[in-house]
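Okay, thanks for making time, everyone. I'd like to walk you through some aromatic rings today, so let me put the structure up.

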Amino acid sequence: VSHYIEEDCQHAFCIDCMRGYLEENMRENNYFIKCAEYDCRALISIPTVQKVLTPKEYSRFLHFRTKN
């Protein structure tokens, strides 16, 4: 089991760090979340979001992302 996740933009992050980053963005009502790497403009991929968040959080993410 890997403790890191790599994005399409080739930046890699600790899964716990990515979870915290996604949760923080969602608390701020941001559901189009860019890579955490400074100056990277790539969006975090849907498969990454699904892998990192709980099923309940992922469902919420999809609901609000499709709403905006």
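Before the rings themselves, a quick word on what I'm calling a pair: two rings of Phe, Tyr or Trp pair if their centres lie within 6.5 Å, and for Trp that's the six-membered ring. Planes under 30 degrees apart are stacked, over 60 they're edge-to-face, and the rest are tilted. And keep in mind that this is a predicted model.

Tyr 31 and Phe 61 make a tilted one, with 6.1 Å from centre to centre and 55° between the planes. Where do these two sit? Tyr 31 is in the loop between helix H1 (15-27) and helix H2 (46-52), while Phe 61 is in helix H3, residues 55-67, so the pair ties together parts that are 30 residues apart in sequence.

Then there's Tyr 31 with Phe 64. Their ring centres are 5.3 Å apart and the planes are at 20°; the cut-off for stacking is under 30 degrees, so this pair is stacked. Here too distant parts of the chain get linked, from the loop between H1 and H2 over to helix H3, with Tyr 31 and Phe 64 lying 33 residues apart.

Now, buried or exposed? Tyr 31 is buried, at 2% relative accessibility, and Phe 61 is buried with a relative accessible area of 2%. Phe 64 comes out as partly exposed, at 28%.

One more residue to look at, Val 49, over in helix H2. Val 49 is buried, with a relative accessible area of 1%. Which residues does Val 49 touch, if we leave aside its neighbours within four places in sequence? Those contacts are Leu 22, Ile 44, Tyr 58 and Phe 61, and that last one is the Phe from our tilted pair with Tyr 31. Also, from Val 49 to Gly 20 it's 11 Å, C-alpha to C-alpha, for two residues that are 29 apart in sequence.

Last bit, confidence. The chain averages a pLDDT of 92, and 96% of the residues score at least 70. Confidence is highest in H1, with a mean of 96, and lowest in strand E1, residues 4-6, with a mean of 87.

Note on methods. Residues numbered from 1 in each chain as written. Predicted model: local features only at pLDDT ≥ 70, side-chain atom pairs only at ≥ 80, totals over all residues. Heavy atoms only, no water. Helix = DSSP H or I, 4+ residues; strand = E, 2+ residues; numbered from the N terminus. Buried < 20%, exposed > 50% of the residue type's maximum accessible area, 1.4 Å probe, protein only. Contact = heavy atoms within 4.5 Å. pLDDT = per-residue confidence, 0-100.
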